[in-house]
Amino acid sequence: MADSLANPAGEHVPVMLKEALDLLGCKPGGLFVDATVGLGGHAQGILERIRPGGLLLGIDRDKESLEKAQTRLKPFSSSCRLLHDNFKNLPLILNNLTGESVDGILLDLGVSSYQLLAPERGFSFQSDAPLDMRMDRTQQRTAADLVNRMSEGDLADVLYRYGEERLARRIAAAIVQERTKAPIARCLQLTEIVNRVFRIRGHQGIHPATRTFQALRIAVNEELEGLEEFLLEAFSFLKPGGRIVAIAFHSLEDRIVKRAFRRLAGLCVCEAPPELCTCPRQTLACLITTRPVTPGPEELALNPRARSARMRSLERL
Ligand SMILES: C[S@@+](CC[C@H](N)C(=O)[O-])C[C@H]1O[C@@H](n2cnc3c(N)ncnc32)[C@H](O)[C@@H]1O
């Protein structure tokens, strides 16, 4: 969610671009996957490094973003294939498309600043727009569906689990009370409900609705479901020496990436004392980053939205 910076050509500059490309080990002739192509910023960087002879497969579940990426990546069209799909289908896609192992897979997770800032997409608590939040607008379920149909208990669980919202129960109760008067259809309606809860309870720091909107977005797009299994399966499509680079934007996501990578590297993931650890220890990969890479002060000065980015990488043995 941190790719809002524009270069002199007006194109957005993705988060930790050089670091990501270096970690991915892009080389001429390579076969790479950008599983979250977004507006094509990282993809362009990969394409510049894999020519001549390389191929990039770019995937995004957001058609509008993909169209923008297509325009940006036009000069590279002979080295690039773009697909509208969920990256969780990557094993199927790779089997159908090439059947080949790949040199690297990039995942820049979460929502793009284009999605966040396009008011009609309904991701922002500041938008006077329908409460939508679908990355893939061919999907049926919107944030309004969740807010109007979930039970109070389930809503509270979503807000607590995905937003780490300490007032989850109170906000869920306020939502349920409000929707008995009229459906909650617009972003600002929800923002106002959350604001009222915080006005009573008091708050400091980030906007009170930030966590509620994050939680609903994660739930609508099922962002965390199956992510660990996906990483483990995608890994099996890497050539020996091939790498996965994953950029996460919140701690829940980063924890899943860290866990999957540690598992593949044959390290403990159960956090039990060593004498009690029963983790299966099969070393299939090595960690390229033992600690997450974060944006440097220069990047943060230009793009404060990058502050929560955490990048990890591993290499298949
Ligand atoms: C942070 S942006 C990526 C920005 C991109 N790296 C760039 O340079 O423009 C994340 C993108 O991932 C897409 N996305 C998130 N989850 C996805 C999934 N499961 N399958 C496919 N695309 C997904 C979103 O639609 C969004 O466009």
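In which helix is the place of Glu-64? Glu-64 sits in helix α3, which covers residues 63-72; helices here are DSSP runs of H or I with at least four residues, strands are runs of E with at least two, and both are numbered from the N terminus.

A word on the ground rules: this is a predicted model, where local features need pLDDT of at least 70 and side-chain atom pairs count only at pLDDT 80 or more, while totals for chains, interfaces and linings use all residues. Residues are numbered from 1 along each chain as its sequence is written, and side-chain values use heavy atoms, with hydrogens and water left out.

**Two residues side by side**

Burial is given as relative accessible area: buried is under 20%, exposed is over 50%, and partly exposed is in between (1.4 Å probe, protein chains only).

| Residue | Relative accessible area | Class |
|---|---|---|
| Glu-64 | 23% | partly exposed |
| Pro-119 | 44% | partly exposed |

Contact means heavy atoms within 4.5 Å. Not counting residues up to four places away in sequence, Glu-64 touches Tyr-114, Arg-121 and Arg-137. With neighbours within four places set aside, Pro-119 is in contact with Ser-127 and Ala-129. Pro-119 and Pro-130 are 11 residues apart in sequence and 8.8 Å apart in space, C-alpha to C-alpha.

**The sheet**

An open sheet of 7 strands runs in the order β5-β4-β3-β6-β7-β9-β8, with mixed pairing; two strands pair if DSSP finds at least two bridges between them. At the edges stand β5 (80-84) and β8 (285-287), each with a single partner strand, so one side of each has no neighbour in the sheet. On average, neighbouring strands of this sheet are turned by 15 degrees against each other, direction ignored. Helix α12 (residues 251-264) packs on the sheet and touches β7 (238-248), β8 and β9 (310-316), its direction making about 20 degrees with that of β9. Axes are lines fitted to C-alpha atoms, for helices over the stretch in contact, and angles run from 0 to 180 degrees between N-to-C directions.

Within the sheet, β3 (residues 31-34) and β4 (residues 55-60) run parallel and are joined by 4 bridges. Leu-31 has Leu-55 as its bridge partner in β4.

**An enclosed helix**

Why is helix α10 (residues 210-220) largely enclosed by the rest of the structure? Because 8 of its 11 residues are buried. Among them are Phe-213, Leu-216, Arg-217 and Ile-218. Glu-222 follows α10 and has a positive phi, near 45 degrees.
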